[in-house]
Amino acid sequence: MSMFPLNKLQEIETPFYYYNMDLLDDTLRTIKKESEKYNYHIHYAVKANANQRILKTINSFGFGADCVSGNEVAASIEAGFTSDRVVFAGVGKSDKEINIGLNNNIGCFNVESIPELEVINELAEKAGKVAGIALRINPNVKANTHHYITTGLEENKFGIYIWDLEKVMAKFKDLKNVEFKGIHFHIGSQIQDLESFKQLCVRVNELQEWFEQNRYFPQIINVGGGLGIDYEKPVENPIPDFKAFFKVFGDFLELKEGQEVHFELGRSVVAQCGTLMSKVIYVKEGVNTSFAIVDAGMSDLIRPALYQAYHKIDNLTSLGADQKYDVVGPICESSDCFGKAVTLPETKRGDLIAIRSAGAYGEVMANQYNLRELPQAIYSSDL
Ligand code: LLP
C-alpha cells in the first residue's frame with residue numbers, strides 16, 4: 001500500500017479521485033515505446049477520462065485524441081492536441097457538434113451512416129471546407145469467419161453494414177465536401193483475450209481486398225480501442241501488455257503501401273492510475289454480514305451498479321484481522337454497493353478505503369444523484 005502518500009491523503013475531504021501521475025507517465029511511455037516499433041498512431045479515447053490534467057499529460061507524449069462529442073473535441077483542443085490529431089466519432093453527432101469539428105479543422109470524422117455523411121457534406125460546404133472521413137464498419141468479429149458478405153450481421157446501431165459499403169463509397173463521388181480517408185472499427189471494450197483482435201485483423205484483411213478490387217484506397221486503418229486491464233490484480237499488473245497487443249496487429253494485419261494504422265485506446269491508458277478514495281462513515285452489523293458504509297456512492301463511481309463491474313477494494317489504514325464486509329455507499333438504492341463479502345482488515349469509522357482501477361469511466365460517469373457533490377480530482381504530482 002506504500003504507493004499512496006497516506007498522511008497527505010488522510011487530510012483531504014473524501015470522496016475524491018486520486019490520480020497517480022507517475023503511473024500514467026509510465027503507461028504512456030510504454031505505449032509510445034511499443035507502438036513506435038510499428039509506426040502506429042495512437043489516439044486517446046477521451047471518453048475514458050476527460051480531465052484537463054490527464055489530457056495535457058497524454059498530449060505531451062504526442063498522441064492524438066478520439067472524441068465522441070463536440071465538448072470532447074473542444075476539451076482536447078483546449079488541452080493542446082493539434083486539430084489534425086483529433087478525430088470525432090459517434091453514431092449521433094448533432095449539427096452543432098459537427099460544426100465544432102469543422103471549425104476546429106479536425107483531422108477526421110468517423111462516420112457511421114449515409115445520412116450522417118450527407119449532413120457533414122452539407123455543413124462542410126457551408127463552411128467552405130472539405131471534411132476528412134473514415135467509415136466505421138461493423139466487422140462482426142464474433143461470428144464465424146466465413147466470407148464476410150455471407151455472415152449475418154447482428155442489428156447494431158454502430159457502424160455501416162458491409163453490404164451497404166458499395167452504396168456509401170459511391171456517395172463520395174457526388175459529395176464534394178467530404179473526402180474518404182479510411183476505415184474504422186471497434187469491436188468492444190475490456191477485451192483481455194488477444195484472439196479477438198487477431199480475428200479483427202483477419203476481417204480487416206478481407207475488407208481490404210474488397211476496397212482494392214473496387215479501386216478505393218483507405219489510407220487510415222483505424223482499429224479502435226478495447227484492450228482490457230487487470231481489475232483483479234491492479235497492483236501486480238498496473239500496465240497492460242501493450243507489447244503483446246501491438247504485436248497481434250503487427251503479425252496479422254496486412255497493410256498496403258502508404259497505409260497508417262490508428263488506435264483509439266481509452267481504458268488501458270488511464271484505468272489503473274485512478275483510485276476512488278473514500279472514508280468509512282459507519283460499520284453496521286447485519287444479520288449475516290457486516291456493512292462498511294463509505295462516503296463514496298454510485299454517483300461517484302457507477303460501474304459496479306451499472307455493469308456489476310468488479311473493482312478491488314482496500315482498507316489503507318487498518319492493520320486488523322481480516323473480516324468480510326459488504327462495502328456500500330450512502331445512496332438510497334440497493335444497487336449502491338461497491339462489493340459484497342469483501343475481505344478487509346477489521347474496519348472502523350474513519351478508515352480510508354481505496355476503490356481501485358477507477359481512472360477510466362469513473363469520474364467521467366459521475367453524476368449528482370441525490371444532489372450529491374461531484375467528486376474532486378487530486379493529482380499525485382500536486383502532493
Ligand atoms: N473507440 C470507440 C469507437 C469506442 O466506442 C470506445 C469505447 C473506445 C474507442 C475506447 O475503448 P476502450 O479502449 O476504453 O475499451 N463505460 C464502459 C465502457 C464503454 C466503452 C465505450 N466505447 C465501462 O465503464 O466499462
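**Note on the ligand site, the core and some local features**

1. A backbone N or O atom of Gly-226 lies 2.9 Å from an oxygen atom of the ligand. Arg-267 also uses a backbone N or O atom, 2.8 Å from a ligand oxygen. His-186 brings a polar side-chain atom to 3.5 Å from a ligand nitrogen. The protein covers 85% of the 590 Å² of accessible area that the ligand has on its own. Such areas come from the Shrake-Rupley method with a 1.4 Å probe, and for residues only the protein chains shown count as cover.

2. This is a predicted model: local features need pLDDT of at least 70, side-chain atom pairs count only at pLDDT 80 or more, and totals for chains, interfaces and linings use all residues. Residues are numbered from 1 along each chain as its sequence is written, and side-chain values use heavy atoms, with hydrogens and water left out.

3. Which residues of the shell are closest to the ligand? They are Ser-189, Glu-264, Arg-267, Arg-303 and Tyr-361, out of 17 that surround it.

4. Where does the ligand lie relative to the domains? Domain 1 (6–15 + 272–382) and domain 2 (21–271) both give residues to the shell, so the ligand lies between them. The domain bounds come from an automatic or database domain assignment.

5. The largest nonpolar core has 95 residues. A nonpolar core is a set of buried Ala, Val, Leu, Ile, Met, Phe, Trp, Tyr and Cys residues joined through side-chain atoms within 4.5 Å. Phe-109, Ile-133, Leu-135, Phe-249 and Phe-263 have the most contacts inside the core. Helix 8 (residues 195–213) gives the largest share, seven residues. Helices here are DSSP runs (H or I, at least four residues), as are strands (E, at least two), numbered from the N terminus.

6. Asn-315 sits in strand 12 (residues 313–315). At 6% relative accessibility, Asn-315 counts as buried. Buried means under 20% relative accessible area, exposed over 50%, and partly exposed in between (1.4 Å probe, protein chains only). A polar side-chain atom of Asn-315 lies 3.0 Å from the backbone nitrogen of Thr-317.

7. Look at the backbone too. A cis peptide bond joins Thr-14 and Pro-15, with omega about -5°. Asn-39 is not a glycine, yet has a positive phi of about 60°. At 63% relative accessibility, Asn-39 counts as exposed.

Notes:
A residue is near a molecule or strand if one of its heavy atoms lies within 4 Å of it. A polar contact is a pair of N or O atoms within 3.5 Å; within protein, one must be able to donate a hydrogen and the other to accept it, and residues adjacent in sequence count only if both atoms are side-chain atoms.
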